[in-house]
Amino acid sequence: TVTALFVGSDDGAPGLFRHGMTLRLEGDYLALVEAVRRIEALPWRFYWSSLAIDADRSPTRRIELRVYTVSLREEWMRV
């Protein structure tokens with residue numbers, strides 16, 4: 001999803017946009033920890049919005065990770 005944080009002005013000032021996505025991952029605990037470590041190690045800067053863990057189905061776990069980044073361009077990320 002794209003949210004306008006600041007709309008550009010008529011004098012040419014750029015806008016600022018928040019681009020968010022939800023990642024849903026499933027696996028055992030160690031696999032999920034490794035997946036989150038890899039996401040954090042990516043060369044792109046992501047900000048975390050939320051993390052939900054479903055641990056009811058042992059040994060498999062599910063996580064839902066909401067991340068976002070910011071950009072000066074509305075169309076920066078279309079997933």
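Two strands pair here if DSSP finds at least two bridges between them. Helices (H or I, at least four residues) and strands (E, at least two) are DSSP runs, numbered from the N terminus. With those terms, a hairpin joins β3 to β4 through six residues. The model is predicted: local features need pLDDT of at least 70, side-chain atom pairs count only at pLDDT 80 or more, and totals for chains, interfaces and linings use all residues. Residues are numbered from 1 along each chain as its sequence is written, and side-chain values use heavy atoms, with hydrogens and water left out.

**View 1**
The elements follow the pattern β-β-α-β-β along the sequence. The radius of gyration is 16 Å, well over the 12 Å that the globule rule gives for 79 residues, so the protein chain is more spread out than a compact globule. That radius is taken over C-alpha atoms, and the globule rule is 2.2 Å times the number of residues to the power 0.38. The C-alpha trace spans about 55 × 25 × 15 Å along its principal axes.

**View 1. Surface and contacts of the protein chain.**
What share of the 79 residues is buried? Buried residues make up 18%. Buried means under 20% relative accessible area, exposed over 50%, and partly exposed in between (1.4 Å probe, protein chains only). The accessible surface comes to about 6,000 Å². Carbon and sulfur atoms account for 52% of that surface. These areas come from the Shrake-Rupley method with a 1.4 Å probe; for residues, only the protein chains shown count as cover. Contact means heavy atoms within 4.5 Å. Among contacts between residues at least 6 apart in sequence, 54% join residues at least 24 apart.

**View 2. Four strands form an open, antiparallel sheet.**
The strand order is β1-β2-β4-β3. The edges belong to β1 (2-6) and β3 (47-54). Each has a single partner strand, so one side of each is left without a neighbour in the sheet. Neighbouring strands are turned by 20° against each other on average, direction ignored. For such angles, axes are lines fitted to C-alpha atoms, for helices over the stretch in contact, and values run from 0 to 180 degrees between N-to-C directions.

**View 3. Strand β1 meets β2.**
Four bridges join β1 to β2, and the two run antiparallel. F6 has L16 in β2 as its bridge partner.

β3 and β4 (residues 61-71) pair in the antiparallel sense over seven bridges. Y47 stands opposite Y68 in β4. S50 stands opposite R66, also in β4. Helix α1 (residues 29-41) packs on the sheet and touches β2 (16-27), β3 and β4. The direction of α1 makes about 155° with that of β2.

β2 and β4 run antiparallel, joined by eleven bridges. R24 stands opposite E64 in β4. The structure holds three salt bridges. A salt bridge is a side-chain nitrogen of Lys or Arg within 4 Å of a carboxyl oxygen of Asp or Glu. E64 is partly exposed, with a relative accessible area of 36%. R24 counts as exposed, at 63%.

**View 4. R62 and E26 form a salt bridge.**
Their closest N and O atoms are 3.0 Å apart. R62 lies in strand β4 and E26 in strand β2, so the pair ties together parts that are 36 residues apart in sequence. R62 is partly exposed, with a relative accessible area of 40%.

**View 5. R38 and E34 form a salt bridge.**
How far apart are the closest N and O atoms of R38 and E34? They are 3.2 Å apart. R38 and E34 are four residues apart in helix α1, so about one helical turn separates them. R38 counts as exposed, at 59% relative accessibility. E34 counts as partly exposed, at 34%.
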